Amino acid sequence: MGVAPLDGWPGGMFANPVIAGLHPDPSVCRVGADYYLACSSFEYFPGVPVFHSRDLVHWQQIGNALDRPSQLLLPPQTPSSGGVYAPTLRHHDGRFWLITTNVAPGGGTAVFTATDPAGPWSEPVAVPGVTGIDPDLAWDDDGTCWCTYAGIEQIRIDPGTGQTFGPPRRLWSGAPGAQAPEAPHLYRVGDHWYLLIAEGGTERGHAVSVARGPTPGGPFEPCPANPVLTHRGTNRPIQNTGHADLVEAPDGSWWMVLLGVRPGGGTPGWHVLGRETFLAPVTWVDGWPVVGDVAPDMAAPPWPPHPAAPPPTRDDFDSDRLHPRWVSVRSRPDESWSTMDRAGWLSLRAAGGSLDDPAVTFVGRRQQHPSCRVRALVDAAEGRGGVAVRLDESHHYEIEVGDGQVRVVARTAAVRAAVATRAAQAGPVRLRVDVLASPRGDWHPRQEPDTLRLGIEDADGVFDVLAELDGRYLSTEVAGGFTGRVIGMYAAAGTVRFDWFDYEPTEHGAAQGSSTRAGAILAP
């Protein structure tokens, strides 16, 4: 077992992360030449994005496993960073199996199945006997299914009915005294069963360790080189590496998908995109997995790349359905949105009064690039709303139009303020947000990770900046939690309509057409 030569891949390199933005806790499986991957989705609906790839590098979202209210209930009391945690995706006996935990009132662990990973997925099969998060599924040679979960504990289950058998048994839980042993995955490789876990917490101390034993229940012998992966105590640009899964390629090479973050700015470093999915090569030495480097540019797999469509930048809302990349906060009632009320426009009907409200009507997509430009043409003649950059109810920036005004609103913890106001022109208004990552060369101890410019764009593309805001307040290090930024459209009153929404990655400083008008600044 090993990594084959890099024949057939132009340049022999690929870029990490392989799935950017808020796509943490990746779980991967292979069926023939096809790879499928699922991620956590927390308080967003639909839940559990599902991706397809032919090369582990180019991934295309093909759906969301939990796309019906009957599959995923996230009541308003669900806290931000609650909801759907750490799915495991497997293929067994001709079916795809997904197990995950909904950390919400009335939630719990459940199994879902599908013959096509793009969906539809089944209704949930509750597994009340599994009491921990991060559940894993593995089948023994005789067909017995084992569920291993954070702790680290294991119990035999019938995944078709949700029944459990006997009490859970405690397994190997990593280094003595290590924080948060979690994210277990169990594999049969050769004559051994391997138990892969994360430990050290999901912050800078995150790590991956492994043990092996003769049976799914052990006894497990820890790898003498544990942790087999960690970036703690380093100055590498990718940090918090952990929560991993392994997959074998058709040529016998092995690969690891894992989460990590890209912090920016000064001390302590702020990550704003959430935890993302990275890829690393794996070799086997003396019966143990050895994980290669996790770097922004990596040696590529040995098989030719699968042609990938360019990343979507614009949605004109010409379909009666939304693309699976669009998510809402906790739910998306049918009465809250439509692309048919006005053909070619997305109409949003307000439920909550602002982004502070857990029931806000919001449709957004994950921010996936450190620097990007977002624009939308908004008609608020019947209401009030606009474009928002959201981390949670207490941390968001937005530019909205309504009641004859355009205004920029900033919510940071207990402070909510309108930091800029302008009279609105008659008719639809083109709102714009530029996110500009701070160059590493400009580093100083209190350097912000990025700045956000919010304003109005005219028909010629000239950007009138109404406010420039410090991005650190929309970061995990400030707000806490497990998520990253989601940028999208919302309605705070009445009905607000959006003709199109455009998301475009940019190089730092590429705020083309920006005016030099001084905006309000929210500084540390």
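Is Glu182 buried or exposed? Glu182 counts as buried, at 15% relative accessibility, because buried means under 20% relative accessible area. This is a predicted model.

**Annotated active site**

- An unreviewed UniProt entry carries the annotation "active site" for Asp25 and Glu182.
- The two span 158 residues in sequence, yet no two of their C-alpha atoms are more than 10.9 Å apart, so they gather at one spot.
- Asp25 sits in the loop between strand S1 (13-15) and strand S2 (27-31).
- Asp25 counts as buried, with 5% relative accessibility.
- Leaving aside residues up to four places away in sequence, Asp25 touches several residues, among them Cys39, Phe42, His243 and Arg275.
- Ala86 and Pro87 are also among the residues that Asp25 touches.
- Glu182 belongs to strand S15, which covers residues 182-189.
- Beyond residues up to four places away in sequence, the contacts of Glu182 include Asp134, Ile152, Thr202 and His206.

**Salt bridges**

- The model has 36 salt bridges.
- One of them joins the side chains of Asp502 and Arg375, at 3.5 Å from N to O.
- Asp502 is in strand S37 (residues 486-505) and Arg375 in strand S30 (residues 372-392), so this pair ties together parts that are 127 residues apart in sequence.
- Both ends count as buried: Asp502 has 7% relative accessibility, and Arg375 has 17%.
- Arg422 and Asp464 also meet through their side chains in a salt bridge, at 2.8 Å from N to O.
- Arg422 lies in strand S33 (residues 415-423) and Asp464 in strand S36 (residues 463-470), so the link ties together parts 42 residues apart in sequence.
- Arg422 is partly exposed, with a relative accessible area of 21%.
- Asp464 counts as partly exposed too, at 21% relative accessibility.
- A further salt bridge brings together the side chains of Arg430 and Glu457, at 3.1 Å from N to O.
- Arg430 is in strand S34 (residues 429-437) and Glu457 in strand S35 (residues 450-457), so the pair ties together parts 27 residues apart in sequence.
- Arg430 counts as partly exposed at 22% relative accessibility, whereas Glu457 counts as buried at 4%.
- Salt bridges with shared partners join Arg375, Arg430, Arg432, Asp434, Glu457 and Asp502 into one network.

- Asp450 is found in strand S35.
- Asp450 is buried, with a relative accessible area of 1%.
- The side chain of Asp450 makes a polar contact with the side chain of Arg485, at 2.7 Å.
- Not counting residues up to four places away in sequence, Asp450 touches residues including Val272, Pro370, Leu436, Asp470 and Arg472.

**Strand pairing**

- Strand S27 (residues 337-338) pairs with strand S28 (residues 346-349) in the antiparallel sense, over two bridges.
- Ser338 has Ser347, in S28, as its bridge partner.
- S28 also runs antiparallel to S37, and four bridges join them.
- Arg349 has its bridge partner in S37, at Thr495.

- Most residues other than glycine have a negative phi, and most peptide bonds are trans.
- Asn16 and Pro17 are joined by a cis peptide bond, with omega about 0°.
- Pro17 is in the loop between S1 and S2.
- Another cis peptide bond joins Gly151 and Ile152, with omega about 10°.
- Ile152 sits in the loop between strand S12 (145-149) and strand S13 (153-158), and Ile152 is one of the residues that Glu182 touches.
- Ser81 is not a glycine, but its phi is positive, near 75°.
- Ser81 lies in the loop between strand S6 (60-66) and strand S7 (83-92), and counts as buried at 9% relative accessibility.
- Ala86 also has a positive phi, about 45°, although it is not a glycine.
- Ala86 lies in strand S7 and counts as buried at 2% relative accessibility.

How values were computed:
Residues numbered from 1 in each chain as written. Predicted model: local features only at pLDDT ≥ 70, side-chain atom pairs only at ≥ 80, totals over all residues. Heavy atoms only, no water. Salt bridge = Lys/Arg side-chain N within 4 Å of Asp/Glu carboxyl O. Buried < 20%, exposed > 50% of the residue type's maximum accessible area, 1.4 Å probe, protein only. Polar contact = N/O pair within 3.5 Å; in protein donor to acceptor, adjacent residues only side chain to side chain. Contact = heavy atoms within 4.5 Å. Pairing = 2+ DSSP bridges. UniProt positions renumbered as here; feature names shortened; annotations may be inferred.
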